[in-house]
Every structure is written in structure tokens, then in C-alpha cells.
Amino acid sequence: MRVLPIHQHAALGCILVFGLICPLAAQSQLESFAGRYQTKSSNCRFLPKNGQKRGCHFIQIDGRTPAIISIRFVGSGDQPGSSQRIKFVVSELSTSPVLKCSRGNCQLKKANWQGRINSVSVSSYDADGIAESLPKAWAVSQGNCSVRERRILCRADIPAGGKVSADAQL
């Protein structure tokens, strides 16, 4: 059996300690933006590409990375118990994120915020929560989401034609 000199033992020990500490530091960095903020809204509506305006019950904002979030508006579908969802994937334009998260639970951090929409998707689910079809998704040529005075508003132009929008009181 080979015995390492004392300076190699010390170096190996430092590497092991550093390896244990770094994931903890990375975890706290991740927790500052990763998670979900969800709220009900009595004044919520969205307009999918087909042009039929729908009411929605709640809004979910998911922190993905420090600069990317998704905003989902969830409302009733065509059949009792079914649901329809519209989701905007948004790049944050400000240097500080809209969400402040801890252990996956998030709160809105800013009263005024704006982001650029990258893509939008619409999906429908039956009363058992099973997807009725594949989601329809589009890259967005122009669009933004904003939070102002406890109201969230998202509007996007679809490259193939049409507009998608959603707004809700937070």
C-alpha cells in the first residue's frame, strides 16, 4: 500500500471539501429563481389563436432560469371538467427577476416588470387531466408580457398570422 505525502493528503482533503460545498452554493443560487408562483384570479381571460375568448381561473408563473420564465393561464375547456391552457415562454428584460423563490415556492418580486415572449402554446385537457391532443405551439415574431399595478398582460403576434393574448388581476 502506498502512502501519500502530507501535502497531497491536504490537497485531496481540500478538493473533497470544495466538492461538497459547491453543490450547496449552486443549490441556493438555483432556488432564488426556480419554482412556481400560482394565484387565483376572479378577473382573468385569454384569447387563443382561434379567436374564442375564454375565462381563466388561475395563473402560474414558473421560474426556469434567471432570465427565462413561463406564464400559464388556465381556464375551463369546452366540456364540463375539462381545461384549456395557454402558456407564454418569456425572456426577462430587466436585470432582476420577477420571481423570488425559496425551495420551489415563489412570490412576485416586482410590482412593475416586462419581458419579451419567445413562444406560446395552447393545450386542452379532458376532465381526467389527459391531453386531448398535442399542444399547438408557435415561435413568436413579436410579443411581450408585463406586470403593472397587480395586473399581468401578455400579447403576441404569431408569424403565420393571428394574435394570442391573456390578462389577469393578480
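Strands E6 and E7 form a hairpin with 1 residue between them, and Arg103 in the turn has a positive phi of about 55 degrees. Strands here are DSSP runs labelled E, at least two residues long and numbered from the N terminus. The model is a predicted one, so to speak of local features takes a pLDDT of at least 70, side-chain atom pairs count only at pLDDT 80 or more, and totals for chains, interfaces and linings use all residues. Residues are numbered from 1 along each chain as its sequence is written, and side-chain values use heavy atoms, with hydrogens and water left out.

Leu99 has Leu108 as its bridge partner in E7. In a regular strand, side chains alternate between the two faces of the sheet. Buried means under 20% relative accessible area, exposed over 50%, and partly exposed in between (1.4 Å probe, protein chains only).

Two residues in other strands are worth a look. Thr39, in strand E1 (residues 35-40), counts as buried because its relative accessibility is 17%. Setting aside residues up to four places away in sequence, Thr39 touches Phe58, Ile59 and Leu170, where contact means heavy atoms within 4.5 Å.

Arg54 belongs to strand E3 (residues 54-63) and, at 11% relative accessibility, is buried too. Beyond its neighbours within four places in sequence, Arg54 has contacts including Cys44, Phe46 and Gln84.

Methods: Helices (H or I, at least four residues) and strands (E, at least two) are DSSP runs, numbered from the N terminus. Two strands pair if DSSP finds at least two bridges between them.
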